[in-house]
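Please look at the sequence and the model first.

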Amino acid sequence: MPRTVLKRLAAVLLCGLVVLPGGAAPAAAASRIKDLASIEGVRENQLVGYGLVVGLNGTGDSLNNAPFTRQSLQAMLERLGMNTRGANLRTANVAAVMVTANLQPFATQGSRIDVNVSALGDAKSLQGGTLLVTPLLGADGEVYAIAQGPLAVSGFVAKGDGASVTRGVPTTARIASGAIVEREIEFKLATMNSVRLSLRNPDFTTARRIAQAVNDLLGQPVAEPTDPSNVRITLPQKFNGNIVDLITDIEQLAVQPDLPAKVVVDEASGIIVMGQDVRVSTVAIAQGNLTVTVTEDAQVSQPNPLSQGQTVVTPRTQVTVNTDDKRRLGIVRESVSLRELVDGLNALGVGPRDLISILHAIKAAGALQAEIEVI
């Protein structure tokens, strides 16, 4: 084999690209079904709870401004056998917090999950605190986990008489593996005769391609797209009721997703994101800048001697209008790719914020074959 051919082959392998015959798309353009869709029912569940953090170094809630912290502290001490009703509590080492967590699918009793802790009152920092036993409730009001443990705070606050420094958010914290699961969520996946795939980005074409890929793998029409968001799959007989094996095989299938042409615009930051299917018809664009400059100078008016006048300050205003006449009418020809569209718009020499206005104008003229979404 000639040395030049070997060099080209090595360059292709190093770049990680595989060029298919006939101009086909590379294999990297396709995505796994595992990344395009999720199994209906296999999902996280959100938990929330209310608790107390103790051990703070004077940075907790002021009990006069946070009555719920006082009530919670008194109730906790009473459960431990101490009567504090009517007592004047003045501690600043306690803070009321909200505890949140996500219960993973198929979590079993005794397994641990991470929790997030956020201050509820006027605490300055949760640094060095410890969360007391806090029940975590689900949407049905039942307790699914119990949280407790020392807090890990990423931010901090340092304060002196004349200055203070705050880094991050010291009133939020995290406890790794800080909650123990006490109740399991019933979901019998193994007994199901069918499963439904929920697309993360609903699309008719993508749903049909997923169904075709599954049917080609199994050799029978067991997958059917019911709508742009769901594909129903019936368990074939050859899997002997083991739906886990079926899901494992399906998740690894590669499918080319299809998405509508869309332009996402963030006017606050001037960010523009265009999809690869965005097209624009031949259109002429003229963009010019009008700059108005207003300058004011203060001048002192001094009266003549012995005129009994007063010295006054009079403003002097100068207005200058500058029009950029060098920019001509430009033509953005019909594009066949995103690169040509971007090159055509960049050739006009406009910035991102002017480009946002141009895109809206092109859309209003009916020349932009895409949807504009403003975030």
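**An open sheet and its helices**

Q: In this predicted model, what makes up the open sheet, and in what order do its strands lie?
A: The sheet consists of four strands, arranged as E2-E11-E13-E12, and their pairing is antiparallel.

Q: Why are strand E2 and strand E12 called edge strands?
A: Strand E2 (37–39) and strand E12 (223–227) each pair on one side only, so they are the edge strands. From one strand to the next, the twist averages 30°.

Q: How do you know that strand E11 and strand E13 pair?
A: Pairing requires at least two bridges between two strands. Strand E11 (residues 194–199) and strand E13 (residues 230–234) are joined by five bridges in the antiparallel sense, so they meet that requirement. Leu197, for instance, has Val231 in E13 as its bridge partner.

Q: Which helices lie on the sheet, and what angles do they make with its strands?
A: Helix H4 (residues 204–218) lies across E11, E12 and E13 and runs at about 165° to E12. Helix H5 (residues 243–251) packs on the sheet, where it touches E2, E11 and E13, and its direction makes about 30° with that of E11.

Q: What makes a residue count as buried, and what percentage of the protein does so?
A: A residue is buried when its relative accessible area is under 20%, and 30% of the 375 residues of the protein count as buried.

Definitions and conventions
Residues numbered from 1 in each chain as written. Predicted model: local features only at pLDDT ≥ 70, side-chain atom pairs only at ≥ 80, totals over all residues. Heavy atoms only, no water. Buried < 20%, exposed > 50% of the residue type's maximum accessible area, 1.4 Å probe, protein only. Helix = DSSP H or I, 4+ residues; strand = E, 2+ residues; numbered from the N terminus. Axes fitted to C-alpha atoms, helices over the stretch in contact; angles between N-to-C directions. Contact = heavy atoms within 4.5 Å.
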